[in-house]
Amino acid sequence: MARIIIGGTAGFLAGLFGVGGGVVMVPLQILLLKEDIKTAIQTSLGAIVITALSACFWHAIAGNVKFVMGLTLGIGGLVGVQVS
C-alpha cells in the first residue's frame, strides 16, 4: 500500500509542479520503506522508463514526436553516459 501512495504522490506532484517523480519517490522510499539509496534510485528509474514509454506512445499517436531529433538526442545521451 505504501508503494501505491508513494507512486501516486510522485505522479501528482510531478504533474503539478513539473518535477521528476524521483525527487519525491527516492526520499519517500528511503524514509517509509527503509530501502537503501541504491535500491530506491533503481526503482525510481524503472518507474520513469514505464512513464516515459507511455507518454511517448500517446504523444506519437497525437503526432507530437519528432523521431529523428529524439533518436539523435538519445544516441548523444547514450554516448555521453558512457564517457562520464
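Me: Which residues does Thr9 touch, not counting residues up to four places away in sequence?
Reply: Thr9 touches Val24 and Leu28, where contact means heavy atoms within 4.5 Å. The model is predicted: local features need pLDDT of at least 70, side-chain atom pairs count only at pLDDT 80 or more, and totals for chains, interfaces and linings use all residues. Residues are numbered from 1 along each chain as its sequence is written, and side-chain values use heavy atoms, with hydrogens and water left out.

Me: How far apart are the C-alpha atoms of Thr9 and Leu28?
Reply: Their C-alpha atoms are separated by 9.7 Å, and the two residues are 19 apart along the chain. Thr9 itself is in helix H1. Helices are DSSP runs of H or I with at least four residues, numbered from the N terminus.

Me: Why is Thr9 called partly exposed?
Reply: Its relative accessible area is 29%. Buried means under 20%, exposed over 50%, and partly exposed in between, with a 1.4 Å probe and protein chains only. The value of 29% therefore makes Thr9 partly exposed.

Me: What makes the length of H1 close to the expected one?
Reply: H1 has 16 residues and reaches 22 Å from its first C-alpha to its last. The expected span is 1.5 Å times one less than the number of residues, and for H1 that is 22 Å. Gly18, with a positive phi near 75°, follows H1.

Me: Why is Ser44 called buried?
Reply: Ser44 has a relative accessible area of 4%, so it counts as buried. Ser44 is in helix H3. Leaving aside neighbours within four places in sequence, Ser44 is in contact with Gly22, Met25, Val26 and Gln29.

Me: Which residues of H2 are buried, and what covers them?
Reply: The buried residues of H2 are Gly22, Val24, Met25, Val26 and Gln29. Their cover includes H1 and H3.

Me: How do you know that Lys34 is exposed?
Reply: Lys34 has 69% relative accessibility, so it counts as exposed. Lys34 lies in the loop between H2 and H3. Although Lys34 is not a glycine, its phi is positive, about 60°.

Me: What makes Phe57 and Trp58 an edge-to-face pair?
Reply: One aromatic pair is found in a search of the whole structure. It is formed by Phe57 and Trp58, at 5.0 Å centre to centre with 80° between the planes. Rings of Phe, Tyr and Trp (its six-membered ring) pair if their centres lie within 6.5 Å; planes under 30 degrees apart count as stacked, over 60 as edge-to-face and the rest as tilted. Trp58 is exposed at 56%, whereas Phe57, at 47%, is partly exposed.

Me: What lines the largest pocket?
Reply: Among the lining residues are Gly7, Ala10, Met25, Ser44 and Thr51. A pocket, on a 1 Å grid over the protein atoms alone, is an open set of points where a 1.4 Å probe fits, with protein on both sides within 12 Å along at least five of seven lines; lining residues have an atom within 4 Å of a point. H3 gives the largest share of the lining, five residues.

Me: How do the residues of that lining divide into nonpolar, polar and charged?
Reply: Six are nonpolar, six are polar and none is charged. Ala, Val, Leu, Ile, Met, Phe, Trp, Tyr, Cys and Pro count as nonpolar, Asp, Glu, Lys and Arg as charged, and the others, Gly among them, as polar.

Terms used
Helices (H or I, at least four residues) and strands (E, at least two) are DSSP runs, numbered from the N terminus.
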